[in-house]
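Subject: Structure for you to look at

Hello,

I am passing on a structure that you have not worked with before. Please open it alongside this email and follow the notes below.

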Amino acid sequence: MALLTVENITKTFEDTEVLKGIGFSMEKGEVLSIIGSSGSGKTTLLRCLNFLETPDAGTIAVDGNILFDASQKSRTSEADIRKNRLHFGLVFQSFNLFPQYTAIENVMLAPRLLAKEQGVLKEREEEIRTRAGQLLAQMGLSDRTANYPHQLSGGQCQRVAIARALALKPDILCFDEPTSALDPELTGEVLRVIRELAEAHTTMIIVTHEMLFARDVADHVIFMDGGVIVEQGAASDVIDHPQHERTKRFLSKY
């Protein structure tokens, strides 16, 4: 059984249909890269998967359990949405760290809020702090735990954001162009961390413009254009030997 199954997702903003029946599936431990021009619907798709946007139609299932069914969305409560989000971790392109918190406090924030909601914060506080420290160490930031975001480089901020996304142990880690705000040197830092996560069989969806990275790290690539999936397949097949004319035109720019 696929870990993630997405069927017929549509989304319209005012008069613009951004997603037009998107469907795909992926296995546990797989890395999926989504490529395409700006405005093709990639970020909207990630936001729908993370329940930051509500699709107009379609279903989303994780491990065989339907998390979202548009035909039943009127019955979906805020508590349901918060619970569904726990299956996904999202790393934004602009970090979105809280400036008033240190690196370790940013990583601890979501687990602390969840533990407080469950009434077990006092019992889990030390466990949460220990895991946050371990995640920052995994990101190569063990000496930056007490630093605030303004005291960190862009690459370091993005690595804190990755640690934060991993803190709740999501089934699927999502990246929305994680290097687009970084210069080339800092881009290498972040891509190295993502490559290590892939080697550890972390299930990931990566929206990226780094074509060589997508080819080398991803198992599967989806090319989107105009709100639809134009072409998909093994990463090396799609990027090195595209079949669709639109895919060929897009990749020729790289």
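The notes below go through the sheet, a residue in one of its strands, and then the helix contacts.

Please keep in mind that this is a predicted model.

The sheet

The model has an open sheet of 4 strands in the order E2-E1-E4-E5, and the pairing is antiparallel. Strand E2 (16–26) and strand E5 (65–69) are at the edges; each has a single partner strand, so one side of each has no neighbour in the sheet. On average, and ignoring direction, neighbouring strands of this sheet are turned by 20 degrees against each other.

At one end of that order, strand E4 (residues 57–62) pairs with E5 over 4 bridges in the antiparallel sense. Within this part of the sheet, Ile60 is opposite Phe68 in E5. Helix H1 (residues 42–49) packs on the sheet, where it touches strand E1 (4–13), E2 and E4. The direction of H1 makes about 65 degrees with that of E2.

Thr10

Strand E1 contains Thr10. Is this residue buried or exposed? Thr10 has a relative accessibility of 15%, which is under the 20% limit, so Thr10 counts as buried. Leaving aside residues up to four places away in sequence, Thr10 touches Leu19, Lys20 and Gly21, as well as Pro55, Asp56 and Ala57.

The helix contacts

Two packed helices are described by the angle between their axes and the distance between the axes. Two such pairs follow, and H4 takes part in both.

Helix H3 (residues 103–117) packs with H4 at an angle of about 145 degrees, and their axes are 9 Å apart. The crossing of H3 and H4 is right-handed. On the H3 side the contact includes Ala103, Ile104, Val107 and Met108, and on the H4 side it includes Leu121, Arg124, Glu125 and Ile128. By class, the residues of this contact are 11 nonpolar, 1 polar and 5 charged.

For helix H4 (residues 121–138) and helix H5 (residues 154–166), the axes come within 9 Å and cross at roughly 135 degrees. That angle makes H4 oblique to H5. The crossing of H4 and H5 is right-handed. Here Arg131, Leu135 and Leu136 in H4 meet Val160, Ala163 and Leu166 in H5. The contact of H4 with H5 has 5 nonpolar residues, 1 charged residue and no polar ones. Leu135 and Leu136 of H4 are also among the residues in the contact with H3.

Regards

How values were computed: Residues are numbered from 1 along each chain as its sequence is written. This is a predicted model: local features need pLDDT of at least 70, side-chain atom pairs count only at pLDDT 80 or more; totals for chains, interfaces and linings use all residues. Side-chain values use heavy atoms; hydrogens and water are left out. Axes are lines fitted to C-alpha atoms, for helices over the stretch in contact, and angles run from 0 to 180 degrees between N-to-C directions. Angles under 35 degrees count as roughly parallel, over 145 as roughly antiparallel, 65 to 115 as roughly perpendicular and the rest as oblique. A crossing is left-handed if the near helix is turned anticlockwise from the far one by less than a right angle, and right-handed if clockwise. Contact means heavy atoms within 4.5 Å. Ala, Val, Leu, Ile, Met, Phe, Trp, Tyr, Cys and Pro count as nonpolar, Asp, Glu, Lys and Arg as charged, and the others, Gly among them, as polar. Two strands pair if DSSP finds at least two bridges between them. Buried means under 20% relative accessible area, exposed over 50%, partly exposed in between (1.4 Å probe, protein chains only).
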